[in-house]
Amino acid sequence: MATAPELPCHAAATFDDAQAIVRQSCAPLGVEWVPLAKAGRRTLAGDAIAQIDSPRRDSAAMDGFAVRSEDFAGDFTRFVLQGESVAGGSQPLPLRPGAAMRISTGAPIPLGADRVVMREHARLDGKEVILPRTSGKPHVRPRASDFAKGTALLPAGSRIGPRAMVVAAAADIAKLPVWRQPRLRVMVNGDELVVPGNAAPDVDTIPDSLSEALLLMARQWGAKPLGTLRSMDRVEDLRAAAMAAMDGTDLIVVAGGASHGHRDLARRALMPLGLRMAFAGVAMKPGKPLWYGRIGRTHVLGLPGNPTAALTTARLFLAPMICALSGAGFDQALQWSEHRLLHDAPGRSDRDQFLCAAGDNAGDGVAIIERQEASAQMLLARADLLVERRAHAVPAVAGSRVRCLRF
Ligand SMILES: Nc1nc2c(c(=O)[nH]1)N[C@H]1C(S)=C(S)[C@@H](COP(=O)(O)OP(=O)(O)OC[C@H]3O[C@@H](n4cnc5c(N)ncnc54)[C@H](O)[C@@H]3O)O[C@H]1N2
Ligand code: MOO
């Protein structure tokens, strides 16, 4: 890791350098075994292996009658009824020649039978049943025809969502090896900040609009949010908050206090705790004050205080960090896609820009939102994409394709 730059810092790193530093610094935290019920949204650290065959035995695919195909003598044949096989029942006796066994979907097929005639095609007559000759599907699911015991059903690296959960449960897996979730704490600082819902009576205050959003983003990308610590604009306050934040935490996100103001104290407060900086300042817009370092094993990401800048940089840095720490891989959160610009995008910038934009619902069009102020917040209500405009890029005309990230 690079050594701590002197304060005040300049926009030291390029966006690509900063991404490379963070990518290299964030390795998966370790493996733990969790019960299936706790495995949702976690990332597999090893393959999920089938513990049983599915189906477990040759089974009926329909409710009806199990028969031998060779017993059919004409278009309709009369069979003697021989007991019943039900789902959850044990293997029935072998089917006698000329007999039909009542059977339900999922029930084991008696030895000798090779076909199930559906219930709705059968005519019962006392202790016998008259069945039509059918040449279609035999309605038998052979043992292990879905998967066999020992098969790797979900590869390491899969995220457990509802579909994977069905597969793991069907495989009779009790516990899964998953990567440990990074435990994350948010620190916000500012004398002006109050818990949302408490600002109205005092014009000197504003709602803390970042804490819950950052915790939510963290949870969405696979972290275990531990909560927020708020502090006033005093070094001692911040330091006390940071000491509390360190406890059992893998990743601290500090929002605000990142810039050059004499009250922007975040790094100054954390230095005596052993903070080692990797970069402070990135040539990007928004996000110039972004910084990253470590205190021991704890990662510390410093976001600019301006809310849209904070959320944009969190999407570009925090989300991939969480994915990397939780075994899903840094790039899991950086799935760029190309969209068609709905208007000209003029202007060259000397910094890489990541602009709030709105996709059109119908196609792959995207419109950059006009007022791009890092302190603005209302635009986030409709900014579902970030458009990348690299430094010194030539102006883009309507219809050209731009790289975008889901925001
Ligand atoms: N002289 C300079 N001034 C500024 C620079 C610069 O390079 N030189 N950079 C500007 C940029 S870019 C940004 S972004 C901001 C970032 O400043 P800080 O990270 O130090 O953030 P604060 O000063 O603490 O706050 C800035 C602004 O954001 C509001 N804020 C902070 N936290 C929250 C929160 N949790 N919820 C809602 N709003 C929050 C805070 O009230 C301030 O209005 O600095 C520029 N200045
Ligand atoms: O870059 Mo600041 O992060 O523009 O608002």
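## Polar contacts of the ligand

An oxygen atom of ligand 1 lies 3.4 Å from a polar backbone atom of Asn306, in this predicted model. A polar contact here is a pair of N or O atoms within 3.5 Å. Gly257 also takes part through its backbone, with an N or O atom 2.9 Å from an oxygen atom of ligand 1. Asp208 uses its side chain instead: an N or O atom there is 2.9 Å from a nitrogen atom of the ligand.

On its own, ligand 1 exposes 860 Å², and the protein buries 70% of that (Shrake-Rupley areas with a 1.4 Å probe).

## The surrounding shell

Ligand 1 has 20 residues around it, and Glu192, Asp208, Gly257, Ser259 and Gly305 come nearest (a residue is near if one of its heavy atoms lies within 4 Å). By class, the shell holds 9 nonpolar, 7 polar and 4 charged residues; Gly counts as polar, and Asp, Glu, Lys and Arg as charged.

Where pLDDT is low, the predicted coordinates should not be read in detail. For the complex, the predictor gives an ipTM of 0.95 and a pTM of 0.86.

## Conventions

Residues are numbered from 1 along each chain as its sequence is written, while chains are lettered from A and ligands numbered from 1 in the order in which they are written. Local features need pLDDT of at least 70, side-chain atom pairs count only at pLDDT 80 or more, and totals for chains, interfaces and linings use all residues; side-chain values use heavy atoms, leaving out hydrogens and water.

How values were computed:
Polar contact = N/O pair within 3.5 Å; in protein donor to acceptor, adjacent residues only side chain to side chain.
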